[in-house]
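User: Hi! Could you walk me through this one before I set anything up?
Analyst: Happy to, here it is.

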Amino acid sequence: MNKIKVAFSSIQEVNRSCLNRPVILFGSGPIAIKTTRILGEQKLHSMVDNASNMWGKFEVDLIINDPESVLEIENVFIIICTTSFAEVSKQLSDYGFEYGADFCVSPILNDLRIIDELENISKKMLFSSGSPKAESSQYGGGIYELSVNGDEWSHKKVISGNCYGLIAFNDNYISVDTERGIFEFNSNYEVIRSKELPTGMRAHGVQYSKKHNRFYVAGSYIDGVLILDSDFNPIDEISLSYKKARFGDPKHHCNDCLVVGDSLYVSMFSMTGNYQNDVFDGCIMEYDIVSKERVGAIAQNLWMPHNIQMINGSLHVLNSLEGQLLKNNLQVIGEFPAFTRGLGFDGVYYFIGQSRNRNHSKNLGVSKNISIDAGIIVFDEHTKASRFLQLPPKISEIHSILLIA
């Protein structure tokens, strides 16, 4: 069922819309009374109410009339002052009034606006999961499609595997899988090409540079980023430091990467290579793609960071163990009681993956609420409001999110 679009406005927008127009408040009571206090010098004509027992009475010196009386007033502007704003919006639309131009919801109800908008999102996305493989279409590792329509959402596994990084590529998608390697699939979820990666690499993040026509795959167990040509053939590698070559095992635990121009940004659990000693001096390190040399850390003191992205010209990252979303010179703009991993943005909301927190004991004393649930957080950075799309416990890991519709 199609829902009527509800027009919400700020105090400033309402006062501009009301200028030189007779104003009617739809709905009597406390919300209407509070609304009169924010209207400045606007001309209040009257009130209307669907409750017939209120007709003919007065409130704040305004007579309360039958709602159909608004049809008799020229150039009227109506402010909805009831929590039944969705129903009243439809009623006014049926009268022939245009939302925004002829009526809006009182700014007093803006808190409900935020709830209404979050509860009525319609979105389709893909997410990857490195959970153990399973035959079920509802859980286990792989690529999932998640469809959200208002207060209903559903998911299905479209590709099975242990999948991590996930990006758009031309009209298709690229992901990495522990067994399959790097692979490309189309919108019908058909794998159209794949190539195995070096054994024991544990490929995690994947990126593509159009400028260099290369794929870059971060390998947690090689302490480096493998460089592939357009046919997925390995042609080079960028090592994070000398430690893997000297000691034989990975020391930095890199996971995701981002390519911007000639710069490669890599997220890792330990800048110095001491996470195995329980020193999580996580960072985002920049490397020069041409020289393969380390440029320096652009963010430090992170705790298991993931999902570096450039969104609207601003570098973003999830500081996963502390449940933080960072942007604006990598300042915290959102904080969640979860292990955050997987990040998407549709221009309005952030979509943040939440995995089961297997390291919750490390958060004792840091967070007062440690969630063990897995799902997708929909987050509005301006109001700080969010909703949670919970997934079954057997989908315990989310690694990447890609919005597709």
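**Contacts, cysteines and charges**

Analyst: This is a predicted model. In the protein, 48% of the contacts with a separation of 6 or more are between residues 24 or more positions apart.

User: Thanks! How many helices and strands does the protein have?
Analyst: There are five helices and 30 strands.

User: And what box do the C-alpha atoms fill?
Analyst: Along the principal axes, the box is roughly 85 × 40 × 40 Å.

User: What percentage of the residues count as buried?
Analyst: The protein has 405 residues, and 54% of them count as buried.

User: Okay, and Cys254, how far is its closest cysteine sulfur?
Analyst: That one is in Cys257, at 8.2 Å, so again too far for a bond.

User: Are those two, Cys104 and Cys254, buried or exposed?
Analyst: Cys104 is buried, at 1% relative accessible area, and Cys254 is buried too, at 0%.

User: Last topic, charges: how many positive and negative side chains are there?
Analyst: The protein has 37 positive and 47 negative side chains. The centres of the two sets are 6 Å apart.

Definitions and conventions:
Residues numbered from 1 in each chain as written. Predicted model: local features only at pLDDT ≥ 70, side-chain atom pairs only at ≥ 80, totals over all residues. Heavy atoms only, no water. Buried < 20%, exposed > 50% of the residue type's maximum accessible area, 1.4 Å probe, protein only. Disulfide = S-S within 2.5 Å. Helix = DSSP H or I, 4+ residues; strand = E, 2+ residues; numbered from the N terminus. Contact = heavy atoms within 4.5 Å. Lys, Arg positive; Asp, Glu negative; His and termini not counted. Charge placed at Lys NZ, Arg CZ, Asp CG, Glu CD.
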